[in-house]
Amino acid sequence: MRPLDLSGKTALVTGGNRGIGLALVRELSRAGARVTFTARNQANADAALKELDGTVEARVCDVTDRAGMAALLEPGVDILVNNAGVIGPIGHIAEVDPAEWARNIETNLTAAFAATQSALRGMVARGGGTIVNLSSGAARNAMEGWSAYCSGKAGLAMLTQCVAKEYGDRGIRAFGFAPGVVDTDMQGAIRASGINPVSQIPRGNLAPPEEPAWAIAWLCTAEADVFAGQEVDVRHEPFRRAAGLEIRA
Ligand SMILES: NC(=O)c1ccc[n+]([C@@H]2O[C@H](COP(=O)([O-])OP(=O)(O)OC[C@H]3O[C@@H](n4cnc5c(N)ncnc54)[C@H](OP(=O)(O)O)[C@@H]3O)[C@@H](O)[C@H]2O)c1
């Protein structure tokens, strides 16, 4: 994939220690951005740092720790990627643990709102910024066993639109980005559940995280201005054409 130029930009990626987040941290750093990622504990942060070049910084912070996230974001950042997410609880509505359901919404939606709020003030003061929210096909389609995940991602998609509505004319570019079905630990948990058609997709058919990671980094460039305020999906042809990604038959 062609090189991108984000030199001079600062970026914060939540949940950057593994999966799509780790691939994204690598891609943003390759594009010249000064990247910080969050991890939930020091061991996870250190394991990821070993795989990255020496310019990337890690901060230990749970995304649901609002004060901790605010302290990280309020000094100012050009790019915020709300990537951290959880799939569970997986199960039918009458059976899932309501506390775990609420934790899902807290992680996937409320924490993204709080991080956005903390980042926005500085972005508006500096006249611009980019916020990418990791979306999913589940934001639009009800999936058996994923009521929390679908509800949270649907809410996050609306948050993206609300940010664009309120701040788009002040230089804030907000995107929802659906990465496709990607070979990460999250898909491992989905396969183990055996619920719904996504759990039946063989691991060999899943996409590697590098392409969605590159596509998120591309959204952070001015080339993607036309998609600001929208939900985009890496599998959709208009998006792939605009980004210059290979069109699959
Ligand atoms: N994989 C897919 O096919 C797919 C499809 C559509 C959308 N997505 C979305 O893409 C994003 C990344 O998914 P992934 O597949 O890379 O997932 P993953 O491999 O399960 O990684 C999730 C990341 O989020 C972090 N995280 C979870 N809860 C957190 C919290 N409370 N505080 C801080 N970090 C937290 C995890 O940290 P720990 O290591 O500490 O757990 C981990 O770094 C998610 O928002 C997901 O919903 C993924």
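Which residues does UniProt list for "domain: Ketoreductase"? The unreviewed UniProt entry gives residues 9-180; UniProt positions follow the numbering used here, feature names are shortened, and annotations may be inferred rather than shown by experiment.

This is a predicted model, in which local features need pLDDT of at least 70, side-chain atom pairs count only at pLDDT 80 or more, and totals for chains, interfaces and linings use all residues. Residues are numbered from 1 along each chain as its sequence is written, and side-chain values use heavy atoms, with hydrogens and water left out.

Helices (H or I, at least four residues) and strands (E, at least two) are DSSP runs, numbered from the N terminus.

**Pockets and cavity**

A cavity is a set of points where a 1.4 Å probe fits but cannot get out, while a pocket is an open set with protein on both sides within 12 Å along at least five of seven lines. Lining residues have an atom within 4 Å of a point. Grid points are joined across faces, edges and corners, and a volume is the space filled by probe spheres set on the points.

| Space | Volume | Lining by class |
|---|---|---|
| Largest pocket | about 1,100 Å³ | 20 nonpolar, 19 polar, 9 charged residues |
| Second largest pocket | about 280 Å³ | 7 nonpolar, 3 polar, 3 charged residues |
| Largest cavity | about 70 Å³ | 7 nonpolar, 5 polar, 1 charged residues |

In these classes, Ala, Val, Leu, Ile, Met, Phe, Trp, Tyr, Cys and Pro count as nonpolar, Asp, Glu, Lys and Arg as charged, and the others, Gly among them, as polar.

The largest pocket has 48 lining residues, and Asn83, Gly85, Val86, Ile87 and Met186 lie nearest its centre. Two or more lining residues come from each of helix H1 (19-30), strand S2 (34-39), helix H4 (98-126), helix H5 (147-167) and helix H6 (185-193).

In the second largest pocket, 13 residues form the lining, with Thr10, Ala11, Arg34, Thr36 and Gly76 closest to the centre. Strand S1 (10-13), S2, strand S3 (57-60) and helix H3 (66-73) each give at least two residues to this lining.

The whole structure holds 1 cavity of 30 Å³ or more. Among the 13 residues lining the largest cavity, Thr14, Asn82, Ala84, Thr107 and Ala112 are the closest to its centre. H4 and H5 are the elements that give two or more residues to the lining, and H4 gives the most, with 5 residues.

**Nonpolar cores**

A nonpolar core is a set of buried Ala, Val, Leu, Ile, Met, Phe, Trp, Tyr and Cys residues joined through side-chain atoms within 4.5 Å. The largest such core has 42 residues, and Leu28, Phe37, Phe177, Trp218, Leu219 and Phe239 have the most contacts inside it. Helix H7 (residues 210-219) supplies the largest share, 7 residues. A second, separate core of 19 residues includes Leu120, Leu159, Ile172 and Ala174.

Contact means heavy atoms within 4.5 Å. Beyond its neighbours within four places in sequence, Trp218 is in contact with Arg2, Leu4, Glu223, Ala224, Phe227, Phe239, Ala242 and Ala243.

Ala215 is found in helix H7. Is Ala215 buried or exposed? Ala215 has 0% relative accessibility, so Ala215 counts as buried; buried means under 20% relative accessible area, exposed over 50%, and partly exposed in between (1.4 Å probe, protein chains only). With neighbours within four places again left aside, Ala215 is in contact with Phe177, Val234 and Phe239. Ala215 and Glu27 are 188 residues apart along the chain, and their C-alpha atoms are separated by 9.4 Å.
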